[in-house]
Structure formats: structure tokens, C-alpha cells
Amino acid sequence: MDMMEKLEILTASAKYDVACTSSGSERKNQAGGLGNAVSMGICHSFAADGRCISLLKVLMTNGCIYDCAYCVNRKSNQTRRAALTPEELADLTMQFYRRNYIEGLFLSSGIMRSPDYTTEQMIAALELLRNTYHFRGYIHVKAIPGTDDVLLSRLGLLADRMSVNIELPSQESLGRLAPDKSKSSILKPMSLIKEKINENRSDLVKYNHAPRFAPAGQSTQMIVGATPDTDFRILTLTEGLYRKYGLKRVFFSAYTPVVEHSLLPALDTKPPLLREHRLYQADWLLRFYGFQAGELLDEAAPNFNPLLDPKCSWAVNHREQFPVEINRAAYEQLLRVPGIGVRSAQRIVKARRAGALDFAALKKLGVVLKRAQFFITCKGKMLEGLKVSEHTLLRSLMSGQELAALEPPQYEQLTLFDDSDLAALPAAGAAVHKRGDWP
């Protein structure tokens with residue numbers, strides 16, 4: 001099998017892993033080296049599915065000893081298999097980089113022989129890149145559950161970011177669909193990576209040139225829609241992962257049916273992209289807006305409203321906390337107002353030191369008044385002429401796409417007459433003919 005065939009198979013097999021993001025680490029090039037890793041991010045191009053990438057996203061192999069029902073690379077699936085040697089992977093990465101196709105590497109793998117053997121192969125490839133080719137660019141690598149701690153420690157010293165995919169949000173789901181995996185085997189490497197990052201942080205304080213361990217932190221991915229797990233369970237787990245393991249990101253991947261299985265959605269089922277989108281919006285609220293999972297969802301309402309984003313849905317259900325007076329509200333209160341983001345809240349706090357703000361000033365500061373107007377007052381007054389009704393409120397909070405889904409346009413054939421007029425013509429003709437007005 002030639003290199004192009006291998007590349008075609010292994011990049012296609014890697015496309016379902018979405019935990020790929022901007023670098024978040026800073027590494028300057030040195031004399032004789034190649035590439036930089038910059039903290040502001042390196043994503044600038046788009047894949048066929050619309051995701052922004054600029055990394056060579058590839059598997060070491062798509063062969064696997066595990067039989068996870070949801071995975072296209074499971075051992076029982078009849079598909080073409082390929083594998084790259086460490087030398088082939090390192091050479092391929094450098095060729096792509098020199099041609100300016102990529103700015104870094106996103107490396108994952110199926111399980112060859114054992115987790116330890118697979119990790120050794122990945123370490124060999126990264127050592128070639130870092131030590132032989134002196135590649136200084138961004139590398140994101142997937143840690144494999146069940147790998148020895150010593151190997152994971154070596155891997156983290158070669159990569160900018162590490163991630164361990166949880167895949168499914170509950171032990172019950174793992175037991176049904178991924179019997180070779182367990183919650184403990186996934187969380188153990190997460191815990192080790194967190195400990196190593198913390199240790200490395202103290203080493204860097206003492207020794208300026210200490211090697212850095214996964215300077216861009218760690219992330220994970222969860223599949224959405226493959227199991228009956230609710231949004232509340234997924235979001236609660238997400239919150240716990242941020243708090244306990246210090247993750248940089250939790251990624252959500254709408255399940256795309258690729259294999260037929262009695263425990264999975266049918267092959268003609270559409271991926272739940274809107275649900276994925278709502279989870280990303282809620283994730284943003286957890287990380288930057290001070291919300292908690294229990295405020296957004298609960299056991300009584302365990303899934304997000306498809307018509308309203310999570311922040312608007314929360315505001316509609318907690319109207320007793322509004323309206324908020326813009327000129328006096330705390331920063332934390334401003335963040336909870338629909339239409340006010342982190343930057344606009346910061347601008348409001350800064351601008352009101354110079355004087356009281358009105359609605360015109362808020363618009364200049366970037367506030368989306370179409371949404372915010374129902375939840376705020378300026379100088380003790382609501383927006384002049386504003387009529388608040390349930391219908392107006394909900395229509396203003398929904399996006400154009402959501403409104404279109406709620407009220408699909410009614411199309412009909414163009415005609416010179418209204419249908420009721422046409423229906424009346426035969427009856428009118430019969431009456432005229434009876435009177436003898438027509439010959």
C-alpha cells in the first residue's frame with residue numbers, strides 16, 4: 001500500500017474526532033528549528049464538514065483490538081485498514097509543513113496490540129519530530145486509557161496538548177457500547193495529566209529551563225445522541241470535569257451513524273447538530289458566565305429547549321430576577337442578561353464610571369438590544385415604546401433559523417383568483433344560466 005492510500009484511509013478514519021482546537025501554547029522557534037506554536041490559535045482553514053482546522057489530523061492506525069459499537073474503526077467492522085510507522089508519520093508531517101499545508105499535528109490512533117505498544121509508537125514518532133527534525137510547532141496527541149504512567153509522562157513532555165476521550169457520559173452507556181473501556185480507566189490518565197501539569201508548573205517556577213509538560217493543558221470529547229443520556233447528565237459531567245481535572249475544553253460530537261447496531265440509532269438518523277450546538281452554548285456559560293449546570297437544567301427539565309439558547313431559556317424561566325438596572329447592576333448580574341456578553345459587560349462597567357448610560361449608549365457598546373431590552377432598565381426606565389408580551393418576547397429571543405423552523409413559510413401556486421372565488425364560479429354560473437342571462 002503506497003503512502004497516498006494510507007493517508008486517505010487514516011485521515012478519513014480520524015474525521016470523527018472533533019477535539020481539535022487552537023493551540024493555547026507559546027513556543028518560539030530557535031536556530032536550526034522549524035515552526036512556532038502561538039497561543040492565539042492556529043485554526044484558519046475549513047474541512048469538508050465545515051470544521052476549522054490547520055493541523056494534519058491523522059491516526060497512527062485505524063486497526064483496533066477494541067470493539068466499541070459506535071466506532072467506525074472497531075475490530076468487527078469490515079473496513080480497509082492501514083498503519084503508519086513512526087518514520088513515515090514524522091516524514092509526512094514535515095513534508096506537509098514545508099509545503100505550508102499545515103501548522104501542526106493532531107495525532108490519535110486505534111489500539112495496536114496493547115495501549116502501551118501503541119503509545120510507544122506515538123512517542124517514537126514525536127521524538128523524531130522534536131529531536132531529529134527539530135519541529136517546534138503545535139502537537140495535540142490523544143492519550144490512550146490503560147497506558148502505563150511512565151509512557152504517558154514521556155508523551156506529555158513531547159506534546160503541547162493531551163486529551164483522553166470520555167466518549168460516553170455514563171458507565172451504563174460504556175458497559176453497553178464499549179465493554180473494553182471503563183470509567184476508571186479513562187479518568188485515571190486524566191488525573192495523572194493534571195498532576196503532571198501542576199508539578200511542571202512548580203518546576204518552572206524553580207527552574208527556568210525545565211521541560212514543559214502539555215503546556216496547552218488537556219481536553220476531552222463526548223458523543224451526543226448515541227445513547228439515551230440527557231443534556232443534564234452530559235452538562236453535569238462536563239462541569240465536574242472542569243472542576244476536578246482542570247480541563248481546558250470539553251468537546252461535543254453529534255453522533256453520525258456509521259455502523260448498524262441494535263443499541264444505536266438507525267443509519268438514516270440525522271446527527272443531532274442543534275443539540276450539539278446547545279451543549280456548546282451551555283459549556284460557554286459554565287466557563288465564562290458563572291452559570292452552574294443545575295441552574296440551566298434539572299431532572300424535571302433534563303434537555304435544552306431547541307428554540308431558545310440556554311441563556312435566553314434561563315432568563316425566561318427566571319423573570320423574577322429582572323429587569324436589571326444597567327447603571328447599578330454588578331458585573332455578574334450583567335453577564336446573565338440575554339444580549340450582553342463578556343466584552344459588552346466589561347465595557348458597561350467601565351463606561352458607567354464616567355456617567356449614566358442610556359439605551360443608545362448600550363447599542364454603541366455592543367449590547368444586542370433586540371434581546372436585552374426586555375430584561376434591563378436605564379435610569380430606572382424600560383425602553384420607550386416597548387410592548388412586552390409572551391409572543392413578542394419569544395420571537396425576539398429566537399434567531400432567524402429558529403423562527404423559520406417554528407413558522408415555516410406557506411407556499412402556493414400563483415393564481416389570478418383566490419381559491420374561494422374559483423370555488424364560487426360554478427355555483428354562480430349555474431344561477432345565471434337558470435335566470436336565462438346566458439344563451
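**Exercise 1. Locate Asn100 and state whether it is buried or exposed.**

Solution. Asn100 sits in the loop that joins helix H2 (86-98) to strand E4 (104-108). Helices (H or I, at least four residues) and strands (E, at least two) are DSSP runs, numbered from the N terminus. The model is predicted: local features need pLDDT of at least 70, side-chain atom pairs count only at pLDDT 80 or more, and totals for chains, interfaces and linings use all residues. Residues are numbered from 1 along each chain as its sequence is written, and side-chain values use heavy atoms, with hydrogens and water left out. Next, the backbone: phi of Asn100 is near 65°, a positive value in a residue other than glycine. Last, the accessibility: because its relative accessibility is 65%, Asn100 counts as exposed (buried means under 20% relative accessible area, exposed over 50%, partly exposed in between; 1.4 Å probe, protein chains only).

**Exercise 2. Find which peptide bond at Pro323 is cis, and where Pro323 lies.**

Solution. The bond from Phe322 to Pro323 is cis, with omega near 5°. Pro323 belongs to the loop between helix H10 (310-317) and strand E9 (324-325).

**Exercise 3. Describe how the buried residues of helix H15 are arranged around its axis.**

Solution. In H15 (residues 390-397), the buried residues are Leu393, Ser396 and Leu397. They cover an arc of only 95° around the axis, so they lie on the same side of H15. The arc is that of the directions from the helix axis to the C-beta atoms.

**Exercise 4. Classify the packing of H6 against H7 and list the residues in contact.**

Solution. The axes of helix H6 (residues 183-206) and helix H7 (residues 231-245) come within 10 Å and cross at roughly 40°. Leu187, Met190, Ser191 and Lys194 of H6 meet Leu241, Lys244 and Tyr245 of H7, where contact means heavy atoms within 4.5 Å.

How values were computed:
Axes fitted to C-alpha atoms, helices over the stretch in contact; angles between N-to-C directions. Parallel < 35°, antiparallel > 145°, perpendicular 65-115°, else oblique.
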